[in-house]
Structures are given as structure tokens and as C-alpha cells.
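Subject: Structure handover

Hello,

Please find the structure below. My notes on it follow.

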Amino acid sequence: MEDRTQQEEASPEVQKRIQASFDRQGLMRHLGARITHIAPGRVHIELPGRPEVTQQHGYFHAGATSAVADSAGGYAAYTLFPEDADVLTVEYKINLLAPAIGDHLEAIGTVLKSGRTLTVCQLEVFGVQDGQRKLVANGQQTLIRVNRPDQ
């Protein structure tokens with residue numbers, strides 16, 4: 001059974017806020033990552049395969065894999081935060097389950113528990129090759145809701 005959050009989309013206002021924040025991330029731009037889905041408590045980020053994001057054996061680098069996972073979870077949490085709040089990662093743990101190969105990676109962040117201060121997310125990263133998805137990494141993340149610096 002498919003998770004219903006894959007069908008839902010966040011409101012246009014939330015989507016705009018998430019995309020605007022994502023667009024300010026220099027690392028995501030540098031990696032060539034892009035958001036492909038924004039739902040309440042769930043965000044998908046795609047990272048195209050290219051030599052600049054691989055390691056010496058040609059697999060996606062663990063740093064690139066972890067970075068898109070971290071951002072997917074952070075933005076999943078951010079979808080549930082009020083407009084005057086920001087999000088920061090407190091900690092995350094990632095397990096690299098298989099060599100990350102494919103045309104692209106798909107990182108999915110899903111909120112497990114959203115609180116007033118701390119939010120916990122599940123992180124999944126899939127290698128996608130010719131339409132076939134393989135789980136290559138999974139993890140868990142804790143995020144903190146903070147007031148914007150200008151608040």
C-alpha cells in the first residue's frame with residue numbers, strides 16, 4: 001500500500017517557502033540537487049549522477065548521499081513549522097546499506113514526530129537506475145525549531 005503522503009502536496013504557500021529556502025542553499029546548488037516533492041511532513045530531493053558527486057570507485061560519495069538525506073529531513077520538518085520559524089539539524093545518523101549507484105539518488109525525509117522544539121525524521125536514500133529503486137541508505141534525524149535571526 002502506497003503511503004498517502006506521497007499523494008498529498010503542501011499548500012502553495014508552504015511549497016513557496018520551502019523552495020525559496022532550498023534555493024538559498026549553496027551546497028544543494030553546488031551538488032545539483034533539486035526538490036521533487038513537498039508534502040506535509042515529507043520532502044523528496046533528487047541528486048543527478050555526475051562525476052563531481054562520486055567517490056574513487058564511481059559510486060555516489062557518502063558525503064553527497066548524507067547531505068541530500070539531511071536536507072530532505074530538514075525540509076520535511078520545515079513543512080510543519082510556522083512561517084516565523086527556521087530549522088536546524090541537531091544530529092543525524094545514517095547507515096550506508098549498499099553502494100549508491102544509479103542515474104540519480106532520491107532522498108526522502110519523513111517526519112516521525114513533530115514537537116514544539118524538537119522534531120524527529122526518518123531518512124531514506126534510494127539509488128534509481130532505469131526506473132528501478134534500491135534503498136542505499138537510511139537514517140534518523142533530530143531537528144530543532146528556532147526563531148529566525150531577524151526575529
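Is H57 buried or exposed? H57 is exposed, because its relative accessible area is 57% (buried means under 20% relative accessible area, exposed over 50%, partly exposed in between, with a 1.4 Å probe and protein chains only). H57 belongs to the loop between β2 (42-48) and α3. Its C-alpha atom is separated by 38 Å from that of S114, 57 residues apart along the chain.

Before the rest, the basis. This is a predicted model, in which local features need pLDDT of at least 70, side-chain atom pairs count only at pLDDT 80 or more, and totals for chains, interfaces and linings use all residues. Residues are numbered from 1 along each chain as its sequence is written, and side-chain values use heavy atoms, with hydrogens and water left out.

Confidence

The mean pLDDT of the protein is 94, and 94% of its residues reach 70 or more (pLDDT is the predictor's confidence in each residue, from 0 to 100). Over residues 1-5 the pLDDT is below 50, and this stretch has six contacts in the model beyond near neighbours in sequence (contact means heavy atoms within 4.5 Å). Where pLDDT is low, the predicted coordinates should not be read in detail.

Helix α3 and its surroundings

Helices (H or I, at least four residues) and strands (E, at least two) are DSSP runs, numbered from the N terminus. α3 has 17 residues and reaches 24 Å from its first C-alpha to its last, close to the 24 Å expected at 1.5 Å a residue (the expected span is 1.5 Å times one less than the number of residues). Of its 17 residues, 15 are buried.

M28, in helix α2 (residues 26-31), counts as buried because its relative accessibility is 1%. Leaving out residues up to four places away in sequence, M28 touches F22, A33, A67, V68 and S71. M28 and V68 are 7.5 Å apart in space, C-alpha to C-alpha, and 40 residues apart in sequence.

H44 lies in strand β2 and is buried, with a relative accessible area of 6%.

T79 is in the loop between α3 and β3 and is buried at 9% relative accessible area. Apart from neighbours within four places in sequence, T79 is in contact with V14, R17, I18, I38, A39, P40, G41, R42 and V43. The C-alpha atoms of T79 and I38 are separated by 7.9 Å.

The largest pocket

About 200 Å³ of space lies in the largest pocket. A pocket here is an open set of points on a 1 Å grid over the protein atoms alone, where a 1.4 Å probe fits, with protein on both sides within 12 Å along at least five of seven lines; lining residues have an atom within 4 Å of a point. The lining has 13 residues, of which Q25, G74, Y75, V87 and L88 lie nearest the centre. α3 (62-78) and β3 (85-96) each supply at least two lining residues, and α3 gives the most, with five.

A backbone detail

D130 has a phi near 50°, a positive value in a residue other than glycine. Most residues other than glycine have a negative phi. D130 lies in the loop between β5 (118-129) and β6 (132-147) and counts as exposed, at 64% relative accessibility.

Regards

Technical notes
Points joined across faces, edges and corners; volume = space filled by probe spheres on them.
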